[in-house]
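Here's a quick briefing to read alongside the model. Have a look at the structure first, then work through the notes below.

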Protein chains: 2
Amino acid sequence: MTGRFALNSATTKHWPLPDLVAGCVAAGVDKVGLWREEVAGFGVGRAAKLVRDAGLTVTSLCRGGFFNTGGWLDENRRAIDEAAALGAPVLVLVSGGLPDGSRDVDAARAHVGSAIGELVPHALAAGVRLAIEPLHPMFCSDRCVVATLGHALDLAEPYPVEAVGVVVDTYHLWWDDRVWAGIARAGERIACFQVADWITPLPAGVLLGRGLPGTGCVELRRFREAVDAAGYAGPVEVEVFHADVWDRPGAEVLAEALAGYRTHVV
Amino acid sequence: MTGRFALNSATTKHWPLPDLVAGCVAAGVDKVGLWREEVAGFGVGRAAKLVRDAGLTVTSLCRGGFFNTGGWLDENRRAIDEAAALGAPVLVLVSGGLPDGSRDVDAARAHVGSAIGELVPHALAAGVRLAIEPLHPMFCSDRCVVATLGHALDLAEPYPVEAVGVVVDTYHLWWDDRVWAGIARAGERIACFQVADWITPLPAGVLLGRGLPGTGCVELRRFREAVDAAGYAGPVEVEVFHADVWDRPGAEVLAEALAGYRTHVV
């Protein structure tokens with residue numbers, strides 16, 4: 001079997017969900033992280049049944065957040081409900097960047113904190129944990145004003161640990177000399193652990209520049225050992241966005257992700 | 001006059017040094033930050049005389065550092081000597097990324113600390129202050145393993161304040177929720193203050209994506225007020241790398257940099 005390995009479906013972006021499920025079963029992979037867009041395209045109920053019937057579990061749903069957009073409250077409540085329907089214990093929150101034309105990053109960050117507070121009752125009722133994901137600082141203005149693990153933990157702190165946790169994603173956090181102290185501090189707040197490698201040069205727009213585990217410069221095993229030492233015993237999701245990876249057959253990418261996990265993470 | 005404004009010559013990359021000097025004089029700008037490459041192309045002695053005869057002062061020389069490359073010690077000693085010859089009080093240090101194939105960021109950072117220590121006696125003797133520049137974390141692997149102001153201050157701390165300071169560059173630091181505390185902590189360690197704005201989308205390679213002051217989302221005035229409150233009273237260098245800016249006439253870019261400084265920084 002493949003232990004704690006989970007395939008985040010963003011890694012194999014163009015693999016249709018039924019093929020992804022069959023491919024995971026064939027590879028002995030029993031855990032997947034899913035994205036709302038693909039689930040919506042398939043139907044939440046159908047996706048839940050498809051995954052369950054194949055004996056897979058859903059480790060996380062990506063993503064809620066984007067608190068800088070209109071309708072964020074209803075949209076995030078729907079995302080929580082979808083996670084619950086899929087049996088996903090965790091909803092990943094990408095908090096959103098600055099409002100258009102704004103330079104007020106403090107205000108945007110304060111809004112993220114209060115927005116999460118507004119979602120906590122619904123999350124608790126649904127049995128879904130909100131996981132604040134700090135994104136790499138290069139995404140601060142347009143995707144996520146939460147740029148460090150320390151800041152994510154500050155935002156989580158007012159709320160019950162079963163309601164609000166954080167995501168540790170190696171791609172987003174590896175550069176931070178304070179990340180090891182942050183992981184130790186995080187302890188049981190760690191709700192999700194995602195793995196991708198850092199490679200250069202970055203492509204235009206910088207979104208699709210991640211590497212499969214082992215192809216870059218991140219100390220992936222050190223991260224896995226650190227989250228374990230902090231008390232995390234959950235899945236290890238490989239989540240890679242890269243145009244070249246997306247162009248390849250899903251089964252081939254899954255095999256390579258699994259090999260990278262075995263060589264560089266376990 | 002133009003007060004604390006200084007033009008860093010990287011902003012007008014293709015403006016030949018004599019034209020840049022004449023253009024600054026015409027615009028009433030009396031301070032320039034220079035780069036080693038252009039000075040070397042012109043000759044250090046000639047460049048020093050050209051600038052001095054025009055009544056300009058050199059605020060900083062970019063750059064030393066790159067401690068991950070062979071011959072770094074001699075190269076940095078030469079850079080210190082060049083700064084002294086130009087009358088530049090500050091040599092900016094971009095510390096370099098990971099050695100080829102390495103994943104050991106801790107070792108790279110430790111090496112930066114000891115390398116700076118090796119340069120201190122030469123810097124003190126030459127009367128040139130070393131200024132550790134934290135670069136944006138998106139450059140951590142390939143340009144600079146020093147990614148936060150806090151880390152730069154940790155590296156500077158063992159050395160006399162007149163020998164080792166730090167650079168506060170708005171482009172590299174704006175995303176950090178701890179930057180205000182960092183600037184207050186920095187106090188008299190602030191050896192250089194550089195201004196550029198953050199704009200998206202980032203171009204491929206991410207080096208040439210900076211905006212002239214006022215074109216992006218950074219709270220430039222807040223930064224200027226923060227460094228002032230920390231005791232900094234030196235020049236404000238506008239330093240912008242952008243392919244489109246480089247394609248424009250130097251005098252036009254200088255005028256726009258100065259206007260942006262007056263509207264968004266002072």
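A:Val206 sits in the loop between S8 and S9 of chain A (helices, H or I, of at least four residues and strands, E, of at least two are DSSP runs, numbered from the N terminus). This is a predicted model, in which local features need pLDDT of at least 70 and side-chain atom pairs count only at pLDDT 80 or more, while totals for chains, interfaces and linings use all residues. Residues are numbered from 1 along each chain as its sequence is written, chains are lettered from A and ligands numbered from 1 in the order in which they are written, and side-chain values use heavy atoms, with hydrogens and water left out.

- A:Val206 has a phi near 55 degrees, a positive value in a residue other than glycine.
- With 2% relative accessibility, A:Val206 counts as buried (under 20% relative accessible area; exposed is over 50% and partly exposed is in between, using a 1.4 Å probe and protein chains only).
- Over in chain B, B:Val206 is in the loop between S8 and S9, its phi is also positive, near 55 degrees, and at 2% relative accessibility B:Val206 counts as buried.
- There's a cis peptide bond between A:Thr200 and A:Pro201, with omega about 0 degrees; A:Pro201 lies in the loop between strand S8 (197–198) and strand S9 (210–211) of chain A.
- Chain B has a cis bond from B:Thr200 to B:Pro201, omega near 0 degrees, and B:Pro201 is in the loop between strand S8 (197–198) and strand S9 (210–211) of that chain.

**How the copies are related**

- Two copies of a chain are related by a rotation about an axis and a shift along it.
- Here, a rotation of 180 degrees with 0.0 Å of shift along its axis puts chain A onto chain B, RMSD 0.0 Å (a least-squares superposition on the C-alpha atoms of residues with pLDDT of at least 70 in both).
- That makes it the relation of a two-fold axis.
- In chain A, the C-alpha nearest the axis belongs to A:Ala204, at 1.9 Å.
- Both copies use the same surface: 100% of the contact residues of chain A recur in chain B.

**The interface**

- Chain A brings 36 residues to the contact and chain B brings 36 residues (contact means heavy atoms within 4.5 Å).
- About 2800 Å² is buried between chain A and chain B, with carbon and sulfur atoms giving 55% of that (the accessible area, 1.4 Å probe, that two parts lose on being put together, summed over both).
- In chain A, A:Arg103, A:Trp175 and A:Asp177 lose the most area to chain B, together 23% of what that side buries.
- The rule finds 2 salt bridges across the interface (a side-chain nitrogen of Lys or Arg within 4 Å of a carboxyl oxygen of Asp or Glu).
- One salt bridge joins the side chains of B:Asp106 and A:Arg222, at 2.9 Å, N to O.

**A spot in helix H1**

- A:Val21 is in helix H1 (residues 17–27) of chain A, and at 4% relative accessibility A:Val21 counts as buried.
- Leaving out residues up to four places away in sequence, A:Val21 touches A:Leu50, A:Val51, A:Ala54 and A:Leu56.
- A:Val21 and A:Leu50 are 29 residues apart in sequence, and their C-alpha atoms are 7.8 Å apart in space.
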